[in-house]
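Please find below a short note on the model under review. The points begin with the ligand and then turn to a helix and to the chain as a whole.

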Amino acid sequence: MSQTYVTGFPRIGEKRELKFALEEYWAGKTDFEALKAVAKTLRNRHWNYQKERHIDFISCNDFSLYDIMLDTTVMLGAIPPRFENIDDKTDRYFAMARGDDDHAAMEMTKWFNTNYHYIVPELHANMNFSHVNISKIAEEFIEAKAQGVHPKINLVGPLTFIFLSNAVDGSDLFNLFDAVVTAYAKVLYAISSLGENIVVQFDEPLFAKTLEPKFLSLLKIAYERLGVVSPNLKIAVVTYFDRANEAVEILGNCPIWGIGLDFVYGEENLDALLHVNGKMLIAGVIDGRNVWKNNVSKTYNLLEKISEKIDAQQIIISTSCSLLHVPFSTQFEEKLAPEVKSRLSFALEKLVELEQINTLWEKQEKPEASACTQKAPSVKSSAIAYTRSSYTTRFALQQKALNLPLFPTTTIGSFPQTKETRAVRNAFKKGEITREAYEASLKESIKKCVELQEALGLDVLVHGEFERNDMVEYFGELLEGFAFSENGWVQSYGSRCVKPPLLYGSVSRKQPLSVDWSVYAQSLTDKPMKGMLTGPVTILNWSFVRNDIPKSEVAFEVARAIAEEVDELQRHDIKIIQVDEAAFKEGYPLREEKIKAYEKWAVESFKASIGIAWDQTQIHTHMCYSNFNDIIDTIERMDADVITIETSRSGNKLLKVFQKANYKAQIGPGVYDIHSPRVPSVEEMSEQIKAFLHVLPKEQLWINPDCGLKTRGWSETKAALANMIKAVHLAR
Ligand code: GLN
Ligand code: ZN
């Protein structure tokens, strides 16, 4: 009898019930009891769904009111001292998550290479972790038992916990290792009194990254200890998102019950199987983070390969990672074309897939290889020539065409999207107003935005992006090959969810994407109007991408579509075009040896999207994050004429990276932080410009905010930009 295992389940609810319950609670419209009741209903429902599909290993403690890393912080008694003055536990929990009047929220960052954000623990050298607390775990465990589920208990593993933390006092996190493992041992001891034969799943995705050997020695120490806390417990250490071969070699010799490996995103794990050493293998073979139907014959073949090295009795069939990263169910999709819907599998459907493959495997009934789906003709990189001249040649031509002053000023693209802007767009989408009325209203917004920029005295203007709900969704809606679900929500953080586009087919451009808006905006001014596009890498990284052809091929299809738009824009006399790659860094693999391949297709597809630009057409790009150290040569290879970056929060530290690399093209380091409504003074920005000039020659600098202004209000936007322009005049 083989068994099935679900690493973790989404918690936000099939109709985002948790989101709405949280937001009502935060708004003071309901009390905590009401929120707890919703949470309980959801947990019970989710357990039931898994029970119905006869899943053998169902989790508890995969639920959270905000974030599982934050729950771990509470479990370990690692409350940052700055929150200790809040007595009420619930108030404290949400203050840590979201801040309150007196406390800034804890930092939040992306969970490995996903779009899920966790709350970063704040540790310091004297933390003693002496107040471990398993009340949340006990409550969920007992609840599940009452429902006839004997759940496993999910915990973030100690190494992943420590090394995703911040040391607020700058101390070395390695020094906390002992204390943290001791705290986990206490947690396990407490858990062992909850019942017999409890599986405890430790999530250690940290070991899917390339790590120094010292991490592996800590892994050994940790699980040699945690493995023997109680004979009542079965310890499973689970990794995901990539291969974890080195960790398996260690874990195979630890006194634990099971090892979880991801064979979807880390097929190389097959080479580690000799080291599993008689432990249970939790074989992640059902893709937990993409949305396409499982290829049953491929999965069966994979299981066959695994069983060449692992005894059949030892294999547990599992999702590759928690289903947190996929939407809930396709059953609520009423508008999707059948050809798309029939290819999708969200969390509930994946439970069926687990059951299905398990049945086949048990009966040793090998499925026929699925008929090869017809492949779209693929666009090879070589099909799109890159013919731009050297940067120096281009610079001279562009300077002649544009005649820009020293320290040219611009913005990143979007201007404030007010309630009214969104209301008009929604009304149009619902068919409540005509296209004419919608377009007239957009033109009105563009006109006001252009007038404002002229009045402020900006040098390179933008149309404001009022027609865009989101920088990827907007283009997806206009391109062939994309579909949009109605209810495909995935938790991003707390109560926030995103609904990524479904890139299911061959991508092509059947109509202009932005030309009309840019041309209209340009007609209103003599200043250069910057065309605004989203780049292929960002479009891919923020979508669910088909997996029947290599990602690089999909990227080139998208690149070709963007290139066509670039060409049409320049033919309509748009002299500057920005191709945003906001999410370029997000797609980086966890494993060093895979980075080159990613950078290759990422750079090549970006270049394929801009290669068509004439030398005198100035290409800008924009990136949103602030750690460029390790990718500076990659940025160089992208060969944009101007890159605008988010740097306002890191002074000129970031620019030094460009200086050191002897970077030649122009750079617009953000001169102020748009993530806060605060209006920086002229003096402040003057200082910032001076700091830039310590690092880079004046000819290389542009002056701009550090990201799009979409989430800001109009009054602070005007005030901040006015100050920015004053600072630039002083600098000139
Ligand atoms: N052009 C986009 C905007 O201004 C860029 C957004 C981003 O970098 N995230 O909104
Ligand atoms: Zn940005």
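**Note on the predicted model**

1. Ligand 1 is surrounded by 13 residues, and the closest of them are I412, G413, S414, A582 and G708. As the model is predicted, this shell is a computed one and should be read as such.

2. The protein chain contains 24 helices and 22 strands. Its radius of gyration is 27 Å, close to the 27 Å that the globule rule gives for 732 residues, so the chain is as compact as a globular protein of that length.

3. Taken along the principal axes, the box filled by the C-alpha atoms of the protein chain is roughly 75 × 65 × 50 Å. Of the 732 residues in the chain, 47% count as buried.

4. What share of the contacts between residues at least 6 apart in sequence joins residues at least 24 apart? In the protein chain, the share is 77%.

Technical notes. Residues are numbered from 1 along each chain as its sequence is written. Chains are lettered from A and ligands numbered from 1 in the order in which they are written. This is a predicted model: local features need pLDDT of at least 70, side-chain atom pairs count only at pLDDT 80 or more; totals for chains, interfaces and linings use all residues. A residue is near a molecule or strand if its C-beta atom, placed from the backbone, lies within 6 Å of it. Helices (H or I, at least four residues) and strands (E, at least two) are DSSP runs, numbered from the N terminus. The radius of gyration is taken over C-alpha atoms; the globule rule is 2.2 Å times the number of residues to the power 0.38. A residue is buried if 20 or more other C-beta atoms lie within 10 Å of its own, exposed if 12 or fewer, and partly exposed in between; C-beta atoms are placed from the backbone. Two residues are in contact if their C-beta atoms, placed from the backbone, lie within 7 Å.
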